[in-house]
Number of protein chains: 2
Amino acid sequence: MLSTTERTTQRKSNRALTGREDLYAVLDAGMICHLGVIHDASGDAFPMVVPTGYGRIGDTLYLHGSSAARSLRAGGEGQICVTVTHLDGVVLARSAFHHSLNYRSAMIYGTPRLVTDEAERMEGLRALTENLAPGQWDTVRKPNRKEMAATIVLALSLEEASVKVRTGPPEDDAADHALPVWAGVLPVRQVFDAPVTDPALRHDLPVPDHITHRI
Amino acid sequence: MLSTTERTTQRKSNRALTGREDLYAVLDAGMICHLGVIHDASGDAFPMVVPTGYGRIGDTLYLHGSSAARSLRAGGEGQICVTVTHLDGVVLARSAFHHSLNYRSAMIYGTPRLVTDEAERMEGLRALTENLAPGQWDTVRKPNRKEMAATIVLALSLEEASVKVRTGPPEDDAADHALPVWAGVLPVRQVFDAPVTDPALRHDLPVPDHITHRI
């Protein structure tokens, strides 16, 4: 079961899913999250929302970035919110008011932990790379000492999270069903196209199966 | 030209675009943004990142929501950040460190204005609907008084914004080019599938051209 804190309890509870597996499914289907932090350095606080990669191991989400990144520096000092959203369709109603989107979305709240253990840092980076490209980690050069030093890894517990999903047709008012207006859903989907080989590739290598099989 | 405030000046400036047209292009290509607000009601401030629709008219971005929505109530009282991101590809490098994503992203900072003028509120809602489904507004029932009363419309100036884009192959270290590892980009794209008619549709109506032509 997911948490039921005040901020993870949904206003429209018919769109809320409450299982841990629902959370994992939304996270594991995505490649980018939107990381929200409060930038407070100057005393004039403002939110920042930054798209970034992530990786999951069990009930921990890993984020990473350059040691110089403002967003992670800010996030490392306080509470953050991580949101992953998949757009599944445009909901076309008979009334402007009931237009909507079909989507799956996960929000995670918490204060991240700066990972300092080198083995966990490496596992976090593996999870991040594998989430972008499953099967890739074992085939590429691993981070060296200099690269590890230039990288911040944060761990965020999935303890406080919520999942929200909308599916299905529009929910027009009963009276509007008499209107001669087409209604339905225009499905939206993310696809992969054929891989583009780096023009600088020196070797005559085929695209690996773990990449082509995603197309 | 876009703004050059401290928070819109890029750390990796080779990824920054600086034209207003670049900003419009990223916004107009998207259907959802991630809205970042600071939730501060309890004195224990935390960020919230919520996926939501938007519409643009000139240099103003319109957001809307239920009068009951926590995120908009919080956003209406202070600074917000709106981020729109398009994922264009997975960048597969010879080294784990240089894995990346190709993307186009816009971030807008500012304090939104609660729109109270009824004509502007209606224009904002039109822009929101048209951004989801161009051509739709003129074919559907417009919001009535009760629906307008239940809806908050916020206007955010596009004055302080930044655009960041990554394109092209991985940027591996020169020494890694000797490695026998395939490298390149796996392109990612969002597509529309065939419209699904609402099972409750009473009339024998074809899917309108302004919807089918997006597929």
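## Before you start

This is a predicted model, in which local features need pLDDT of at least 70 and side-chain atom pairs count only at pLDDT 80 or more, while totals for chains, interfaces and linings use all residues. Residues are numbered from 1 along each chain as its sequence is written, chains are lettered from A and ligands numbered from 1 in the order in which they are written, and side-chain values use heavy atoms, with hydrogens and water left out.

## Where the chains meet

Let's begin with the interface. Here 92 residues of chain B are in contact with 92 residues of chain A, contact being heavy atoms within 4.5 Å. The size of an interface is often given as the accessible area lost when the parts come together. About 7800 Å² is buried between chain B and chain A, with carbon and sulfur atoms giving 64% of that area; buried area is the accessible area (1.4 Å probe) that two parts lose on being put together, summed over both.

Eight salt bridges cross the interface of chain B and chain A, each a side-chain nitrogen of Lys or Arg within 4 Å of a carboxyl oxygen of Asp or Glu. On the side of chain B that touches chain A, at least two residues each come from several elements, including β2 (33-39), α3 (118-132) and β11 (184-192) of chain B. Helices (H or I, at least four residues) and strands (E, at least two) are DSSP runs, numbered from the N terminus. The largest share, nine residues, is supplied by β11(B).

## Strands and sheets

Strand β12 (residues 196-197) of chain A runs antiparallel to β11(B), joined by two bridges; strands pair if DSSP finds at least two bridges between them. In this pairing, A:Val196 stands opposite B:Val185.

Within chain A, four strands form an open antiparallel sheet in the order β4-β5-β9-β8. Because β4 (55-57) and β8 (113-114) of chain A stand at the edges with a single partner strand each, one side of each is left without a neighbour in the sheet. Strands β5 (residues 60-66) and β9 (residues 151-157) of chain A pair over seven bridges, with A:Leu61 opposite A:Leu156.

## A closer look at A:Asp198

A:Asp198 lies in the loop between β12 and α5 (209-212) of chain A. A:Asp198 is buried, with a relative accessible area of 5% (buried means under 20%, exposed over 50%, partly exposed in between; 1.4 Å probe, protein chains only).

The side chain of A:Asp198 forms a salt bridge with that of B:Arg94 (3.0 Å, N to O). Not counting residues up to four places away in sequence, A:Asp198 touches B:Arg94, B:Pro169, B:Pro170, B:Ala183 and B:Gly184.
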